[in-house]
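Please look through the sequence and the model shown here before reading the notes that follow. They are grouped by topic and written for someone who is new to this structure.

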Amino acid sequence: MYYEQSRTYLRTPQSGVVLDPRRYLSVVDRVICKYGADRSKLINMLQEIQREFQHLPRQALEMLSVKLGISLSEIINVATFYHQFRLEPVGVYVIQVCFGTTCYLKGSSEIYESMRKVLGLRERENTARDGTITIEKARCFGCCSLAPVIMVTSSDGSERYVHGRLNVSEGKRVVLDYRSKALMKLKGLKNE
Amino acid sequence: MSEALELGSGTRKISELIVRVPLASCTLAAGASKVLESIEKALGKLGLEARIKKTGCMGLCYLDPWIELESRGLPPTIYANVKPEQAEGIIRRYVEGDLSGALAVRSEASGFKGVPTLNSLPEWRLQVRYVSRNCGFIDPESIEDYLRTGGYSGLKKALKLGREEVIEIVRKSGLRGRGGAGFPTWYKWRVAYEQRSDVKYVICNGDEGDPGAFMNRLLAESDPHRVLEGLIIAGYAIGASRGYIFVRAEKPLMADRLEVAVRQARDYGFLGEKILGTDFSFDVEVYRSAGAFVCGEETALIAAIEGRSRPRQRPPYPATSGLWGKPTVINNVETLAHVATIFQTGLDEFTKYGTERSKGTKMFCVTGSVRKTGVYEVPIGTKIRTLVYELAGGPPDGRSVKAVQVGGPSGGCIPADLLDLELDYETLQSYGAIMGSGGLVVIDNTNCMVDVAKYFITFTLAESCGKCLPCRVGVKVLGDILEKVASGTATLEDLELLRELGESIMRSSLCALGGTAPNPVLSTLRYFKNEYEEHVVMRRCPAKVCSRLVTYEIDPARCRGCGQCAKNCPVSAISGQPGKAFKIDTSRCTKCGQCLIICPFGAVVKG
């Protein structure tokens, strides 16, 4: 429900790490340089911003709205309409559980619920509090012969895995595997 | 179609062994890239010189990942469900002339009687591979491969004709849009052609948002030039100067392959200024959409390219006022591939298939409860039963088909006793479904029809753009009533309300999304009224799916007494001693289903 999503987005302060404003500005400037201050290229611009931050940070969208001379709500209108855009920061790995018809009929909603349970996610929460895993519902991946399917992507987009023909207990195992992988990564970052 | 022979003696050495590995999204998901790696390693280890050919997917998904080996003196042989560690053994045996473990050979060869030919398999024999003829055979990133199979000869023929003649050929073919509604393709072209405008556009709609339909992705990933050739012909016919191919960013490989195809076509002079020496100039851009189901709708798709969202009122139709207010023709991926093939192979080859009112073939994705999930191309008018049982192999052991869902979230359910219906636009519509993009999901006796309806309504509700009231609020109310049915709190009047409300949403919605959204509810209500009534009156879900209407029990034989269920039960309805079988107190149980999810041994069962 995109309108609920946009309402909470506009009301609540930005969650997650807030970066130096110059970081947002430089990305927004680069995007405007590439596409020009052209309202019709808004979707391409948002795609580029998301590629940089893995989600659409509020600060960046505010800058974009000033530069394009359109209101923030108009940008959020477009951003919440399309599936690709995320308004919240994501974990190290994003697990997308396919909710296509075939996967659903073969039990993907149970797998989804059990994965959330393993991570201890509360209602309306999609990312584990330790920042390791984000769990999302996804539209059909088009590999229905492997149903039920999940796709795991690292938030920087460098890794992508598909796991097929899952059941509840395998699903739980997969989540725990990625969580320990993600914890290693986070630890590595801290040590650097 | 033996390519090694065509290449002649000059290239004998490299054509000694050809290994075809399918690299499409579906086969990659099944592990084709690991198989490719192991093949490369195996070839090095065996000291064999071979040409590895990266092809697209042939649509027999249950075989993924498959490979095909071809060599002189040996029949081209397909191996199914190849695991990386098997690659070496398969190749070694093949070059020694031992075809054991193979699925099929592509063509009959003497001396190899043990292995069936591809044509003896019903899932291949019953197909008419018309638009999908190259899928899984040629390298999608090679324009030479496409040219060798007669590619772009259709465009050359079309450019020699006048624009009106091109439209006339499409009219004679009787080609109808393969994206859903089955609107005659020529008619859109004619209207756009007659508009007086210096700028016109053609758009290839590759949005394909239906869950369970992926024939467009498969076609564009496996034979992208065919789609592009169709788009160029469409551009020529209406006098457009620019074309867009609209693809979801979630389908990166499809977009990449189409982009490669556009670049190659430009290099070969099939795109750009003065194409093939005529005064027709045309160029194409691949547009990566951010993904929304409603973008399959023409006006919403145009809005997306313009950087906005949401559909608008029609008329004016895009053919008179579309992208940037200019005449615009929007055709589906498969439709355009048909256009290219019609011009390549002639009208008769196309019109000999299909029914009186709908000519040609159509690709169908058969998924769900079947043994052989896949994309099958069959003549329009083929019986649903043939597709489900003969091609896709029917449901697995112990299950029976209850219904077939046709056309995705906008379509409907056809019950098992109507499986002898023929798949064409009018028949399906009169039985409450639509052809849609051609996704068939087989539903078996373990699935609940109320749950299926609820699934589709949840989908449409999330996808509703919120612009018009009937869709935004009406679909929400449909969902609420279905929830009541599924939890056993509905009354029989609610079922009547479902039908009435569904019908008014269809009449009053702005675009096709709302106009078809109630279809899954109405069709299940029409054919499975008993099941709805059982939920309402008996408060029972016969398929044991709706969690509020089943009871939960612990199977003492499987319970190991770990106590996880008791710990996680929100109402403390589970009790027991560690190490012994636990018990659920049904009077306190709220049927939330948490214990079923949490149990590591599968000891919680629904009764």
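The bounds of the domains named in this briefing come from an automatic or database domain assignment. On that basis chain B is divided into domain 1 (3-118), domain 2 (143-350), domain 3 (361-444), domain 4 (449-538) and domain 5 (551-606), while chain A is divided into domain 1 (12-81) and domain 2 (93-191). This is a predicted model, in which local features need pLDDT of at least 70 and side-chain atom pairs count only at pLDDT 80 or more, whereas totals for chains, interfaces and linings use all residues. Residues are numbered from 1 along each chain as its sequence is written, and chains are lettered from A and ligands numbered from 1 in the order in which they are written.

**Chain A as a whole**

- The secondary structure of chain A comes to 8 helices and 4 strands, where helices (H or I, at least four residues) and strands (E, at least two) are DSSP runs numbered from the N terminus.
- Along the sequence, the elements of chain A follow the pattern α-α-α-α-α-β-α-α-β-β-β-α.
- Of the 192 residues in chain A, 44% are buried; a residue is buried if 20 or more other C-beta atoms lie within 10 Å of its own, exposed if 12 or fewer, and partly exposed in between, with C-beta atoms placed from the backbone.
- Among the contacts in chain A with a separation of 6 or more, 71% are between residues 24 or more positions apart; two residues are in contact if their C-beta atoms, placed from the backbone, lie within 7 Å.
- The C-alpha centres of domain 1 of chain A and domain 2 of chain A lie 27 Å apart.

**Helix H2 of chain A**

- Helix H2 (residues 21-35) of chain A has 15 residues and reaches 21 Å from its first C-alpha to its last, close to the 21 Å expected at 1.5 Å a residue; the expected span of a helix is 1.5 Å times one less than its number of residues.
- The buried residues of H2(A) are A:Tyr24, A:Val27, A:Val28 and A:Val31. Because they cover an arc of only 95° around the axis, they lie on the same side of H2(A), the arc being that of the directions from the helix axis to the C-beta atoms.
- Helix H3 (42-53) and helix H4 (58-68) of chain A are included in what covers the buried residues of H2(A), whereas the face turned away from the buried side carries the exposed residues A:Arg22, A:Ser26 and A:Cys33.
- After H2(A) comes A:Gly36, whose phi is positive, near 80°.

**Helix H20 of chain B**

- The 17 residues of helix H20 (residues 492-508) of chain B should span 24 Å at 1.5 Å a residue, and the 25 Å between the end C-alpha atoms agrees with this.
- In H20(B), the residues B:Leu498, B:Gly502 and B:Ile505 are buried. Seen down the axis of H20(B), its buried residues fall within an arc of 70°, so they line one face of the helix.
- The face of H20(B) turned away from its buried side carries exposed residues, including B:Glu493, B:Glu500 and B:Arg507.

- Leaving aside its neighbours within four places in sequence, B:Val366 is in contact with residues including B:Tyr376, B:Leu391 and B:Val442.
- B:Ile584 is placed in strand S17 (residues 583-584) of chain B, and it counts as buried because it has 20 C-beta neighbours inside 10 Å.

**Where the two chains meet**

- The contact takes 36 residues from chain B and 36 residues from chain A.
- On the side of chain B that touches chain A, H2(B) gives the most, with 3 residues.
- By class, that side of chain B has 19 nonpolar, 12 polar and 5 charged residues; Ala, Val, Leu, Ile, Met, Phe, Trp, Tyr, Cys and Pro count as nonpolar, Asp, Glu, Lys and Arg as charged, and the others, Gly among them, as polar.
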